[in-house]
Amino acid sequence: MIPLMLVVGFRTYKGRGLRLWVPLFLVWLLLLPLVLVLLPLAFLALAFLRVNPLRAVQTGWQLLTGLKGTRIEIQDGNALLLIRFF
């Protein structure tokens, strides 16, 4: 299943942090018409490059569904950035 929520947190060691909850299901709904319009062009480009378009779509879908549960933490001496997909 594709991730439906994204949490982006930012915190400095001296001050308070900021946490943003992004509802990805709304982003997917907004991107759906654009994807449907661009999909035939992508199929033509993949056919021109001699790449199996169905295999490319399958691989993209697997990458998208594999994001669920991903947690990314970036830390330096002054701040911490946390990104989580639900």
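How many residues stand between β3 and β4 in the hairpin that they form? I found three residues between the two strands.

**Basis.** I note that this is a predicted model, in which local features need pLDDT of at least 70 and side-chain atom pairs count only at pLDDT 80 or more, while totals for chains, interfaces and linings use all residues. Residues are numbered from 1 along each chain as its sequence is written, and side-chain values use heavy atoms, with hydrogens and water left out.

**Elements.** I listed two helices and four strands in the chain. Helices (H or I, at least four residues) and strands (E, at least two) are DSSP runs, numbered from the N terminus. Their order from the N terminus is β-β-α-α-β-β.

**Overall dimensions.** The radius of gyration of the chain is 18 Å, well over the 12 Å that the globule rule gives for 86 residues, so the chain is more spread out than a compact globule. The radius is taken over C-alpha atoms, and the rule is 2.2 Å times the number of residues to the power 0.38. I recorded a box of roughly 55 × 25 × 20 Å for the C-alpha atoms, taken along the principal axes. Of the 86 residues, 14% count as buried (under 20% relative accessible area, 1.4 Å probe, protein chains only).

**Sheet.** I traced an open sheet of four strands in the order β2-β1-β4-β3, with antiparallel pairing. β2 (17–23) and β3 stand at the edges with a single partner strand each, so one side of each is left without a neighbour in the sheet. Neighbouring strands are turned by 10° against each other on average, direction ignored. Two strands pair if DSSP finds at least two bridges between them. β1 (residues 5–12) and β2 pair over seven bridges, and there V8 has L20 of β2 as its bridge partner. β3 (residues 71–75) and β4 (residues 79–85) pair over five bridges; Q75 is bridged to L80 in β4.

**Helices.** I followed α1 (residues 24–48) across β1, β2 and β4, where the helix runs at about 45° to β2. Axes are lines fitted to C-alpha atoms, for helices over the stretch in contact (heavy atoms within 4.5 Å), and angles run from 0 to 180 degrees between N-to-C directions. α2 (residues 53–65) has 13 residues and reaches 18 Å from its first C-alpha to its last, close to the 18 Å expected at 1.5 Å a residue; the expected span is 1.5 Å times one less than the number of residues.

Technical notes: Buried < 20%, exposed > 50% of the residue type's maximum accessible area, 1.4 Å probe, protein only.
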